[in-house]
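Subject: Structure handover

Hello,

Here is the structure you asked about. Please open it and keep it beside this email as you read.

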Amino acid sequence: MLDDIAFWVGYLTNGKHLTWYASFQFTIFAALMGGALAVVFGLTGATLKNSRFLPFRLVGSFYSAIVRGVPDVLFFLFFPLAFEQAVEWIVATQVCSPEAIAAQTAPWPPCREANWFLGTFEYLILASVSLGLVYGAFATNVIHGAMRSVPAGQLEAARAYGMSARQVLWHIHIRQMWVYALPGLSNVWMLIIKATSLLSLLQIADIVLWADRLGAPNFLPAVGLVHDDWRWRYYLVLFVFYILVTWLSERAFGAIMRRAGRGILSEAHG
Amino acid sequence: MKKTMLAAAAVLALATPAFAQESVRIATEGAYAPWNFLNDAGEPAGFEIDLGNAICETAGLTCEWILNDWDSIIPNLLAGNYDLIMAGMSITEERLATIDFTQDYFPPDPSKFVAAPGSDLDFSALSGARIGVQSGTIQAAYAEENLSADNTIVSFATADQNMADLMAGNIDTILADGSYLEQVVTASNGAIEFFGEDILVGGGVGAGLRKDDAELKAKIDDALTALKADGTVDRLIAQWFDGQGPYYAE
């Protein structure tokens with residue numbers, strides 16, 4: 001019995017498993033940074049959509065309409081690739097000699113010197129930006145709607161007190177907007193968390209990839225513990241992890257709601 | 001402004017080394033024991049890892065191992081994510097159309113069928129069978145061309161998933177590299193057996209690289225010639241493949 005426990009503790013703390021545990025940092029990083037960027041893009045998009053200047057309004061509407069319609073998996077694959085090639089193209093205009101371009105047989109990049117090697121860190125940043133862009137489009141809609149929900153009387157009163165347009169925007173409009181936006185933003189956050197399971201598509205050795213590798217059946221004692229297809233056991237751990245994150249997020253959003261609602265009387269706040 | 005400059009400098013500092021070529025990156029699948037797999041420490045290990053490290057030492061190169069799934073291992077080589085593939089890849093005409101290979105470091109490896117003991121399939125003229133292959137392999141191409149008319153070909157992303165589905169009875173037989181199957185059959189204690197005749201497809205196994213990388217190819221080829229001459233390749237083959245060989249002794 002004790003031997004069994006010692007064996008399993010040893011198995012679950014071998015280097016392979018420790019790498020798996022460590023890979024949770026990628027998922028958490030991508031969720032937090034993706035979430036922060038989504039709010040930034042959402043605020044920007046909503047401000048553009050609210051703008052009195054028609055081209056800005058069009059850009060804001062175009063962004064929230066188009067990006068929301070594109071499946072996140074596609075965007076996740078498309079954006080980092082497009083960004084990488086754009087950077088390589090710009091670098092190529094600077095570093096590629098005509099001889100190097102002539103010597104290049106692969107279709108891309110234009111010359112070998114312009115090749116940009118993306119490691120886990122670079123992909124993680126690009127993944128977070130992709131998440132931010134996709135879910136920023138949803139956040140744009142949520143925030144835009146929330147800004148329209150702030151009673152016009154509040155803004156008129158602020159102007160009557162002599163506040164400048166900028167003061168009205170930041171101290172009254174956006175300050176009160178959160179109460180209406182938070183329920184929608186909490187939904188967007190849940191979607192971001194779910195989308196972090198796509199990280200392995202960008203060659204990031206994330207929790208899903210390691211669950212796959214650890215759960216893959218092994219037939220040779222020389223390789224490690226011989227076992228059948230155990231992937232479902234590892235997926236179960238991911239399942240529990242995501243439920244835990246969901247539960248924590250709901251509690252955190254509850255606390256943020258209470259804080260954002262301080263001193264505001266409204267039906268949304270109840 | 002100062003902050004912007006600092007940020008720009010930081011981005012440049014991060015990005016610059018990525019354009020400089022300081023080491024040779026070798027891609028492997030890490031799921032094809034004993035060729036290449038992840039050991040308990042989570043690091044790549046196996047015949048090709050030992051051989052690759054020996055090549056790099058002989059050629060005076062600094063090498064770094066990168067894990068990449070089998071099905072995207074050639075596209076990502078072409079995209080420049082790494083410089084060399086060592087993943088039990090047979091040298092074939094089809095692959096030579098897109099990439100180049102070094103000289104072989106493992107002789108042509110016969111493909112074999114395995115199935116549960118007492119299988120009533122006629123392996124000389126298979127029909128009505130569900131045949132498992134790993135996608136993108138020489139066996140997958142062979143099965144698609146020669147066996148798909150009368151049988152169902154089932155493709156798997158990794159060799160081990162293929163094997164797990166055979167054990168679970170989802171497929172009737174597997175066609176795969178003999179070098180991979182040999183140890184699995186031995187370790188299975190009779191749960192699976194070899195059937196039928198060997199099938200010879202593909203040349204030897206070599207390291208894949210981009211066609212424009214003649215310089216690297218020359219270095220690796222020279223190192224392999226030296227390692228074959230001093231017996232290192234044969235020693236590693238014998239060590240990882242239950243005493244097979246020697247294949248390259250003079």
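Into which domains is chain B divided? They are domain 1 (21–107 + 205–240) and domain 2 (111–199). Domain bounds here come from an automatic or database domain assignment.

Some ground rules. This is a predicted model: local features need pLDDT of at least 70, side-chain atom pairs count only at pLDDT 80 or more, and totals for chains, interfaces and linings use all residues. Residues are numbered from 1 along each chain as its sequence is written, while chains are lettered from A and ligands numbered from 1 in the order in which they are written.

The two domains of chain B

The C-alpha centres of domain 1 and domain 2 of chain B lie 26 Å apart. Their contact takes nine residues from domain 1 of chain B and eleven residues from domain 2 of chain B. Two residues are in contact if their C-beta atoms, placed from the backbone, lie within 7 Å. On the domain 1 side, four residues are nonpolar, three polar and two charged. Nonpolar means Ala, Val, Leu, Ile, Met, Phe, Trp, Tyr, Cys and Pro; charged means Asp, Glu, Lys and Arg; the others, Gly among them, are polar.

UniProt, in an unreviewed entry, places "domain: Solute-binding protein family 3/N-terminal" at residues 23–244 of chain B. Such positions are given in the numbering used here, feature names are shortened, and annotations may be inferred rather than shown by experiment. That stretch of chain B is 34% helix and 23% strand. Helices (H or I, at least four residues) and strands (E, at least two) are DSSP runs, numbered from the N terminus.

The cores

The largest nonpolar core has 65 residues. A nonpolar core is a set of buried Ala, Val, Leu, Ile, Met, Phe, Trp, Tyr and Cys residues joined through C-beta atoms within 7 Å. Buried means 20 or more other C-beta atoms within 10 Å of a residue's own, exposed means 12 or fewer, and partly exposed is in between, with C-beta atoms placed from the backbone. Among the members that touch the most others are L84(B), A27(B) and I174(B). This core draws at least three residues from each domain of chain B. L84(B) touches V24(B), I26(B), A27(B), A207(B) and L209(B), not counting residues up to four places away in sequence. A second, separate core of 41 residues includes V67(A) and L198(A).

A sheet in chain B

Two strands pair if DSSP finds at least two bridges between them. Two bridges join strand 3 to strand 4 of chain B. L38(B) stands opposite P44(B).

Where the chains meet

How many residues does each chain give to the contact? Chain B gives 27 and chain A gives 26. Helix 6 of chain B gives the most to its side, with four residues. By class, the chain B side has 13 nonpolar, eight polar and six charged residues.

M163(A) sits in the loop between helix 7 (152–160) and helix 8 (165–195) of chain A. Why is M163(A) called partly exposed? Because 16 other C-beta atoms lie within 10 Å. Beyond its neighbours within four places in sequence, M163(A) is in contact with A158(A), V168(A) and H171(A).

Best wishes
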